[in-house]
There are 2 protein chains.
Amino acid sequence: MKEDRILLSHGSGGKLSFNLIKKLFLSNFTNPYLKRLDDGAILNIEGLKLAYTTDSYTVDPLFFKGGNIGELAVYGTVNDLAMCGATPLYLSCSFIIEEGFSLRLLEKIVLSMREASVVARIDIVTGDTKVVNRGAADKIFINTSGVGMVNEGVNISGSNAKVGDLVMINGPIGSHEIAVLSEREGLKFETDIKSDTAPLSSLVADMLKVNKDIHVLRDPTRGGLSTTLNEIALTSKVDIEINEDDIPIQEEVRAACEILGYDPLYLANEGKLVAFIPWEIAPDMLKKMKENEYGKKSKIIGRVVKKSEGKVYLNTTIGGKRIVDMLTGEQLPRIC
Amino acid sequence: MKEDRILLSHGSGGKLSFNLIKKLFLSNFTNPYLKRLDDGAILNIEGLKLAYTTDSYTVDPLFFKGGNIGELAVYGTVNDLAMCGATPLYLSCSFIIEEGFSLRLLEKIVLSMREASVVARIDIVTGDTKVVNRGAADKIFINTSGVGMVNEGVNISGSNAKVGDLVMINGPIGSHEIAVLSEREGLKFETDIKSDTAPLSSLVADMLKVNKDIHVLRDPTRGGLSTTLNEIALTSKVDIEINEDDIPIQEEVRAACEILGYDPLYLANEGKLVAFIPWEIAPDMLKKMKENEYGKKSKIIGRVVKKSEGKVYLNTTIGGKRIVDMLTGEQLPRIC
């Protein structure tokens, strides 16, 4: 009998990841916090509402156009806190380093984390360093966890999408994954495509100033926009329709996708969020988002059409309509 | 010019680790929380005192006598919270898994984490799973971070050791490292030596019931008892004297050390704590510790003798006195 083994797709953020989490983790670590399946848990400690989240960063290569693993490890976790509607406060940081790794590179990564933590206004308050034998890890892995304070009156969750909500995104998709891929595979594109790595906490703070009634916030990282929307559709039990024409994509990223045969809807992003907003407040929200440096190219890309089992439909440029599924298997080599 | 590189000793918990943390991390991530150099940070959020800590677990082999990586990942972080005088509340859990890892083993590890979290009364509330290419990681690494509530009136820190304090330990040292080593190297000892892996939060809770005026709590994991005492001596700026005759060691561990040429003072433990207690309350404390299942073999092993730069002295069995330093380099192959 063949033994079941972990595949790359179990970590790609797509369907296999979702099933692994549901079957193995949710069934064993039973508690109401984890069950929400959000980017972070919302804790209530003595009346204080805190967001709590963790992420390990294994990106290869460590440095790429527009970012590096250190910056990613800070902003990625900051963003997960922001997606809970929380003000990021504190980070933990744990390194797993391969014996023989360059101290100079480690310092460069640490300096980049420092800079990112200043930009995102978060303190790295506790840490850990493990060194493993040569060959037992690929250069360096970084885990960060984060704690933030959930703003009063905020109740954001992947399960809160409501019929009538408009779906918004803060800018063009796919540049992170293409930037990392082209660095790793040595692909040359005429124009340089940079990762969109960015901290989204100031953007979320601005959005909450407009109105606290944001239903869903989620950053479409691994698995891309399609997978994120599918997760939301499934947990909120609604159908979502998005319009291909409205989805912002940088021309160079679109060209790269055509050459490489990738669907940009499944490409990872590191500075993007999707927001589900009651339609009445969407115009004010869009205006405010565009004023923030990380939201200049914000757009409304779709809406929640009805209660259902949870499907995502794409109205295509050529006038068709098709179901968009979660990422199944591996579209690409693992990059983040 | 030869480039400086990361050595195994940078992660062994000894002198090189201490220097790396001080030079690279403390100088860059400047904040009062990190500066304390304790097992966790003590946060003050809106008047609520929380302990916050992180640790990555890379133990090889994954399963050994008396424990496994999953149990370790729960108890290790629970213990770091307990060492802050906190009641452990919530854990995050992040897996880095090598492609091809057995799903059955993953399930076994997850079940063990579940069991450990029930024993330690802590909820695993948020998580992350990354899968890396075959060969890019050694089977599985687990990071856990933890949040706990610091009990009122408690002020425990590695920098709080005072002249006159008695040094206590909750049982015999060294069994964890010998258990892991013998599993990995296939060594056979006449008697089975089991890892001491255990959650120490109930023991700490019991101790705090006797008196909240505990000055220092620290679990002597990587680097062993000697390194831990040296860290405390350095940050508290005191000299510590311990008595070789009083340090509890299981006979089998002592024998294994003699065969292998190891000094038990540098062996890692996973269910031990050292406590620095004002001498007046030490007898009551010892009595209470012995009543707890993880403190039955508690002993007073030394005392803080004077203010100084921070040295640790060992009064040897044969009547001598020698300085005991931090672990320098690698006594042993890395095991945790």
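Is Glu270(A) buried or exposed? Glu270(A) is buried, with 27 other C-beta atoms within 10 Å. Buried here means 20 or more other C-beta atoms within 10 Å of the residue's own, exposed means 12 or fewer, partly exposed is in between, and C-beta atoms are placed from the backbone.

A word on conventions. This is a predicted model: local features need pLDDT of at least 70, side-chain atom pairs count only at pLDDT 80 or more, and totals for chains, interfaces and linings use all residues. Residues are numbered from 1 along each chain as its sequence is written, while chains are lettered from A and ligands numbered from 1 in the order in which they are written.

Back to Glu270(A). It sits in the loop between α8 and β11 (274-277) of chain A. Helices (H or I, at least four residues) and strands (E, at least two) are DSSP runs, numbered from the N terminus. Which residues does Glu270(A) contact, leaving aside neighbours within four places in sequence? They are Leu72(A), Tyr75(A), Gly76(A), His176(A), Ser195(A), Asp196(A), Thr197(A) and Thr221(A). Contact means that the C-beta atoms of two residues, placed from the backbone, lie within 7 Å.

His176(A) takes us to helix α5 of chain A, residues 175-185. Eight of the 11 residues in α5(A) are buried, and the helix is mostly covered. The buried set is Ser175(A), His176(A), Glu177(A), Ile178(A), Ala179(A), Val180(A), Leu181(A) and Glu183(A). Their cover includes β3 (63-64) and α8 (251-260) of chain A. Just after α5(A), Gly186(A) has a positive phi of about 70°.

Now the domains. Chain A is assigned domain 1 (37-150) and domain 2 (166-323). These bounds come from an automatic or database domain assignment. The C-alpha centres of the two domains lie 23 Å apart. Across the boundary, 22 residues of domain 1 of chain A are in contact with 24 residues of domain 2 of chain A. On the domain 1 side, α3 (69-82) and β5 (86-98) of chain A each supply at least two residues. The largest share, seven residues, comes from α3(A). By class, that side has 12 nonpolar, six polar and four charged residues. For the classes, Ala, Val, Leu, Ile, Met, Phe, Trp, Tyr, Cys and Pro count as nonpolar, Asp, Glu, Lys and Arg as charged, and the others, Gly among them, as polar.

Next, between the chains. 67 residues of chain B are in contact with 67 residues of chain A. Several elements of chain B each supply at least two residues to its side, including α1 (15-28), β2 (48-57) and β7 (140-150). The largest share comes from β6(B), with 10 residues. The chain B side divides into 33 nonpolar, 20 polar and 14 charged.

One helix pair spans the two chains. Helix α1 (residues 15-28) of chain A packs against α4(B) at about 20°, with the axes 9 Å apart. Axes are lines fitted to C-alpha atoms, for helices over the stretch in contact, and angles run from 0 to 180 degrees between N-to-C directions. So α1(A) is roughly parallel to α4(B); the cut-offs are under 35 degrees for roughly parallel, over 145 for roughly antiparallel, 65 to 115 for roughly perpendicular, and oblique for the rest. Leu24(A), Phe25(A) and Asn28(A) meet Leu106(B), Glu107(B), Val110(B), Leu111(B) and Arg114(B).

Within chain B, α4 (residues 103-119) has another partner, α3 (residues 69-82). Their axes come within 7 Å and cross at roughly 30°. So α3(B) and α4(B) are also roughly parallel to each other. By class, their contact has eight nonpolar, three polar and one charged residues.

Last, the backbone. Which peptide bonds are cis? Asp60(A) to Pro61(A) is one, with omega near 5°. Asp60(B) to Pro61(B) is another, with omega about 5°. Pro61(A) is in the loop between β2 (48-57) and β3 of chain A.

Two residues other than glycine have positive phi. Lys237(A) is at about 55°, in the loop between α7 (224-236) and β10 (238-243) of chain A. Lys237(A) is exposed, with 12 other C-beta atoms within 10 Å. Glu46(B) has phi near 50° and lies in the loop between β1 and β2 of chain B. Glu46(B) also counts as exposed, with 9 C-beta neighbours inside 10 Å.
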